[in-house]
Amino acid sequence: MKPVIVVGFVGVTIGLVAEFQPDDSVIYVEEPDVIRKRHVRDQIEGVGFVRGLVEWEYLTPGKADEFFHAHRDLDPSAVIPAIEYATPFAARLAERYGLPGATFGAAQIMRDKALLRQVTAAAGIRNPVSVQVTSPAAVLEFMRGHKAIVLKPSNRQAAVGTQVIDDPDDIEQAWAHCTAQDEGIFVPDRPMELSMLAEEFVEGEEFSVEMLVRAGKPLWANTTGKQLVPGPLPVELAHIVPADIPSELDELLKQETARVIGAAGFRDGIVHCEWIVADGVPHLVECAGRLAGDGILDVVQLAYPVELLRCYYAVLKGEDPPSDLPARAKSGAAVRFLTIEPGVVESVTGVDEARQLDGVHLLQVTVAPGERFDGLRSSWDRAGIVMTTGDTSAEALRRAEKAVAAVHIEVR
């Protein structure tokens, strides 16, 4: 049996993958430092579908070709990018093995927000005004033409190093904050190159489109509504599936996402494309050539009668996914994150009670008494997650809010 190569380890998907991948069929490829820091070997021990784990520095350019030459005998059935930083490596490796994939060029474009802006703007897609910057002085120069701006890396993930600035006096501090981000156990210990963007701040509702793509054509799509934590750090607080919006806007967002796919030359896989709608016009935030994180995959599969992860694997194996993929959700689902103030966690109560509330599918608190919380800087810093379902997406969100309110985290 030909193995599936999965680049980047995501522990929360183990249960979902186990539903359709047979025993001894998946080989994970992960950075050596990440394997050590996240105890990946312990997490995959005893997992039936795991054939092996290969330590490989896939974030380094050229490593996909080295892997191919070292492991030609693997002859995989698919190469799956599981995380953001794995997408160029996986796309190039798929090309070398002659398998479906994003294409290396499209993966590189989607990994670099500055390049994505250049390419999609040339195709007529609306983007915020943006410029690459290398110093606080360059940020100040850009801000002279805008009331508020966003400073962010062009090549990082999870809102790491992203901040809204509306006062020029805050630029020096924001620059220090945005360029000193550390993703801890999720990245290698060696330094990662950092490229910074300053962009106009576009105010409006935020959405993402999750789109399954084969041969450059959309097969299926969902639009997710988003809520952000108030303040200068645009960390996502909630995801609502499907987005509670008029059908015309839903269709427009999906059409614009298809245009992004065409502009970048993306071929096979899934894209997670983020948008801000201002005055009825979608503005592209970013577009990733991989599955959405933050629990979006889970709530999509709760809201729709679709096994999206299975379909993703099928497309990248060159197989046909089901021909009757659902155009409409059967119910609503939501993800809501828990956030806390900085300090030392003294107590966590109400978790068991919250889990018994109507519609609660999952509730996890990721902080414990005695732990110090340094503050919300990126998506890695949230204190827990709730997933809920309801007859509508609005009801699912209300249930999520009720569950969050039932959990009490005391911080000193």
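This tour goes from a sheet to a pair of helices and then to a cavity.

The model is predicted: local features need pLDDT of at least 70, side-chain atom pairs count only at pLDDT 80 or more, and totals for chains, interfaces and linings use all residues. Residues are numbered from 1 along each chain as its sequence is written, and side-chain values use heavy atoms, leaving out hydrogens and water.

Stop 1: Select the eight strands that form an open sheet, in the order 13-12-9-10-11-14-18-16. Their pairing is antiparallel. (Strands are DSSP runs of E, at least two residues, and helices are runs of H or I, at least four, numbered from the N terminus; two strands pair if DSSP finds at least two bridges between them.) Strand 13 (281-288) and strand 16 (360-365) are the edges, each pairing on one side only. Now pick strand 9 (205-214) and strand 10 (217-228), joined by nine bridges. Which residue of strand 10 is the bridge partner of Val209? Look for Thr223.

**Stop 2: helices 6 and 7.** Select Gln108, Ile109, Met110 and Arg111 in helix 6. They meet Lys113, Leu115, Leu116 and Val119 in helix 7 (contact means heavy atoms within 4.5 Å). These residues divide into five nonpolar, one polar and two charged (Ala, Val, Leu, Ile, Met, Phe, Trp, Tyr, Cys and Pro count as nonpolar, Asp, Glu, Lys and Arg as charged, and the others, Gly among them, as polar).

**Stop 3: a cavity lining.** Select strand 13 again. Three residues from strand 13 make up the largest share of the lining of the second largest cavity. Helix 7 supplies at least two.
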